[in-house]
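Reader: I would like to learn how to read a model like this one. Where do we start?

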Amino acid sequence: MLVFPQLESGAIAQFPAHKTRVRRTVRNVMADGSSVVFADEGAAEVRWTLPLRALSTDEMTAIGSLFAQTEGRLRTFTFVDPLANLLAWNGDLSKPVWQNGPALQMAVGVADPSGGTLAVRVANTGQAAQRLSQTVSAPGWFTYCLSAYIRSAGGGRVRLLRSTASGTQSTVVQVSQDWKRSSSTGALTGNDETIAFALELEPGATVEIFGLQAEAQTAASAPMATTVTGGVYAHARFDHDDLSVVAQSTESSDAMIRIVSTDGV
Amino acid sequence: MANFPVLRTGAVAQYPLDTTVRYATDAVRFVDGKEQRSRVFSQPLRRWTIALDLLDETELAAVESFFIAQAGSSGVFSFTDPGTGTAYANCSFENDELQWDLLGPGNGRVRVVVRENRG
């Protein structure tokens, strides 16, 4: 799996980072100013411009190695969007992207802490712990932060889990009737190319969940609502055939990275 | 009809807000210097340049999602002029590109141009 590497800080990018969504519209403008338009969906793409500074020798070597393996713009790699929630449909946990335990019952459109109705009420009607889980085709060895706002009228505990075939890490969260954001951060070992993010409910528990979010960084950003796609691009490319590295010292380099994807946009 | 997303403050824009009103005039000049002018648009069209700063990731994601749902400039949505409170039902993004910048945690900026459509 060719993948854009994570920096030693656990982030994919540094501030400032820039992202551009591109669409194409064919427009026929009439004499009176009205228009006939046609959306050309096949031309959609997304671009990132990532100025990177003070990279260590190891960090710069990893990026340079990927650039050599892809030969610039020639080949694709997996890019984990540093500016996005990696989970799809985080406002509707009944969608097919979610693998849910058979005893879980869901109700969408619940009032959320931001004043909307994007929270989901999940009830475990079974006799054993049940999970709702989403598997993402992203490097299992990266550092990730899984976060969510959770509350429950009945209290109890919930587990936030990150799992690959090589192992699982989890955080137990004590929930109350007030909205509280909790998170689980860490990196798993192994070379697995997928990772599952899950929330586990105790038998008989009913909780309300908002803003389920997975990010390739060490702390949670403000919650980002998602629908059809999450933030992993399996066929991204460098948007330049030349990689210019400015060495500021023996252990510090700068580079400007531009990435583009026409897939999953 | 979709509506342009609001910020967590309840506003759709920040100051400074650039609003343009556009007419279209056809002018014919005769050899003696006289002119004959006629209007091409029955009503003027408006255009708003909205520069948003200090947006958090939630707000940036909402603007981005709205842009995707509108398929760039091909979609039509309702936009309420922040200065007058008048709702214009036939508006679009003017451009097919949306760039946003994350300058720090909870510190993003984006600039969009919304245009009123004819017909």
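Author: With a definition. A nonpolar core is a set of buried Ala, Val, Leu, Ile, Met, Phe, Trp, Tyr and Cys residues joined through side-chain atoms within 4.5 Å. In soluble globular proteins, nonpolar side chains tend to be buried together. Keep in mind that this model is predicted.

Reader: How many residues does the largest nonpolar core have here, and which have the most contacts inside it?

Author: The largest core has 78 residues. F4(A), L199(A), L212(A) and F4(B) have the most contacts inside it. Strand β4 of chain A, residues 45–55, gives the largest share, five residues.

Reader: What does L199(A) touch?

Author: Leave out residues up to four places away in sequence. Then the partners of L199(A) include L132(A), A148(A), I150(A), V158(A), I209(A) and L212(A). Q130(A), R131(A) and R159(A) are also among them.

Reader: Now chain B. Which pattern does chain B follow along the sequence?

Author: Chain B runs β-β-β-β-α-β-β-β-β. That is one helix and eight strands. Its radius of gyration is 18 Å, well over the 14 Å from the globule rule for 119 residues, so chain B is more spread out than a compact globule. The C-alpha atoms fill a box of roughly 65 × 30 × 25 Å along the principal axes.

Reader: What share of chain B is buried?

Author: Buried residues make up 44% of its 119 residues. Chain B exposes about 6500 Å², with 50% of that area from carbon and sulfur atoms.

Key: Residues numbered from 1 in each chain as written. Chains lettered and ligands numbered in written order. Predicted model: local features only at pLDDT ≥ 70, side-chain atom pairs only at ≥ 80, totals over all residues. Heavy atoms only, no water. Buried < 20%, exposed > 50% of the residue type's maximum accessible area, 1.4 Å probe, protein only. Helix = DSSP H or I, 4+ residues; strand = E, 2+ residues; numbered from the N terminus. Contact = heavy atoms within 4.5 Å. Rg over C-alpha atoms; globule rule 2.2 N^0.38 Å. Areas by Shrake-Rupley, 256 points an atom, 1.4 Å probe, with all protein chains shown as cover.
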